[in-house]
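Here's a quick tour for anyone opening this one up for the first time. Take a look at the sequence and the model, then read on.

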Amino acid sequence: MASGTKTKRMKEMAACSICLNLMTEPVSISCGHSYCQICMKMYLSQIHRTQGQMTSFCPLCRAPFHIASLRSNKQLGNLIDLIKEMEDSESGLVCEEHGEQFQLFCEDDGQLICWRCERAPQHQGHSTALVEDVCQGYKEKLQHALTKLSQFEAEYMNQKTFMEIEITKWKVAIETRRQNIKSDFKNLHEFLHAEEKSYLWRLEKEEEQRLRRLRESEANVQQKCDELKSQILELKEKCQSSGQKVLQNVKETLSRAYAVQLEAPEPFSMQVQTACDVAELYLDVKEMLRCHQVGVTLDPDTAHPNLLLSKDRRQVSRGWNQQNLAVSPRRFTTFPCVLGCEGFTSGKHYFEVDVGEGTAWDVGVCMEIVERGHGMQQKPEFGFWAIRLCTEKGYMALTSPPTILELPERPLVVGVALDYEAGVVSFYSMTSGSHIFTFPMASFSGMLRPFFQVYQYSPLFLPSCSE
């Protein structure tokens, strides 16, 4: 009893004031107090985070000390080891059969035995050794197993992180593809809506199936991590236990630890398989529009003096002011505009304008009776339905106020569709067949004609129906 009391007092003296356990790798500071090395590191890291100082205060007596004064206390460490040995000897495991302490270890059976067990028939001829002689060797083996499993745990954590990143990337890829598909389908006519829903449904199914497999793989990795954590905790507890507890069922523990193998996660392709060739779908739109196509030529009597028309009246460009032009009330005098010769008073009509690589242009239709001088305003309420490309603001529809157009591509050929009775004017990029803009429904009266405004270095060409 007296020995136990002394051991208890020694434990109290060797206890860390921070964690209240026997010190591990004790370090001393200038005031003489000692603490666990890891406890002191954590204490100092917290101090530095909040105060950022190199001088700290002893957690026990509040005496100041400098970080550089930390010293390893090996003598105290040896004393703590001795206290642990005394505890082991006082609370050693006892053989249930003989009532003697386990002082031997049978290598053949991997069991703790007492001196009487050694003489029993079941251990005759077996290799036995004192517990203290073999304990360190098995501790090293356990530590090796612990290191291996810790490495596996770290690898599985890396795999889990990788899977989380892959899931995020997959979701981003899916969302990007979803937005692209929606953006493409946004400009389709109603007869393409069913195709949009079909492709989005396929994409959703692909996302769902792949995410399910990714999450199953993630769950599998998490399960292996949990199993490893359980084994690691068991090994840590053994490594910190007394010699007899270390050796108790040690071979079975090591066998289970060595049996663990690192498994690579199932590889997955991060390529989205659902793709939609919207341009191919738009071929039907092109065919539908061209059913109503008309050939348009330019009316020289309406052309601004700065415009140059080709002989076939299918091309117009900006030039110098032309003299000796016939005076005509039909001519545009303020802005460099020109009309087509063709007039529309009913039905559906469609024509194309090759805008090429031009950096600025206006294309559309207007009423025959629009203002062509200083009072000219290109708005629907003044008889103009047109879209524009300008160098500063890009594409816009000349509504009131103008509507900025975000186009996914640069149209090289613009299609203009007019449904006179329906009061609708629509524009298409014939490069891909995609819809650009449709003006709000209007009520037309009188004649409508093709309308063009021409800017410097941006000629316009009107292809024939055959082209």
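Let's start with Asp 81, which sits in helix H3. Keep in mind that this whole model is predicted.

## The three-stranded sheet

Next up is an open sheet with three strands, arranged in the order E7-E6-E8 and paired antiparallel. Its edges are strand E7 (111-113) and strand E8 (128-130), each of which pairs on one side only. Going from one strand to the next, the twist averages 35 degrees.

Zoom in on strand E6, which covers residues 104-106: three bridges hold the antiparallel pairing of E6 and E7. Which residue in E7 is the bridge partner of Leu 104? That would be Ile 113.

## The six-stranded sheet

There's also an open sheet of six strands, again with antiparallel pairing, and here the order reads E11-E20-E13-E14-E15-E16. At the edges you'll find strand E11 (337-339) and strand E16 (403-404), and each pairs on one side only.

Within this sheet, strand E13 (residues 361-367) and strand E14 (residues 384-390) run antiparallel and are joined by six bridges. To spot this pairing, look for Val 365, whose bridge partner in E14 is Trp 385. As a bit of background, the strands of a sheet pair through backbone hydrogen bonds, in either a parallel or an antiparallel way.

Methods. Residues are numbered from 1 along each chain as its sequence is written. This is a predicted model: local features need pLDDT of at least 70, side-chain atom pairs count only at pLDDT 80 or more; totals for chains, interfaces and linings use all residues. Side-chain values use heavy atoms; hydrogens and water are left out. Two strands pair if DSSP finds at least two bridges between them. Helices (H or I, at least four residues) and strands (E, at least two) are DSSP runs, numbered from the N terminus. Axes are lines fitted to C-alpha atoms, for helices over the stretch in contact, and angles run from 0 to 180 degrees between N-to-C directions.
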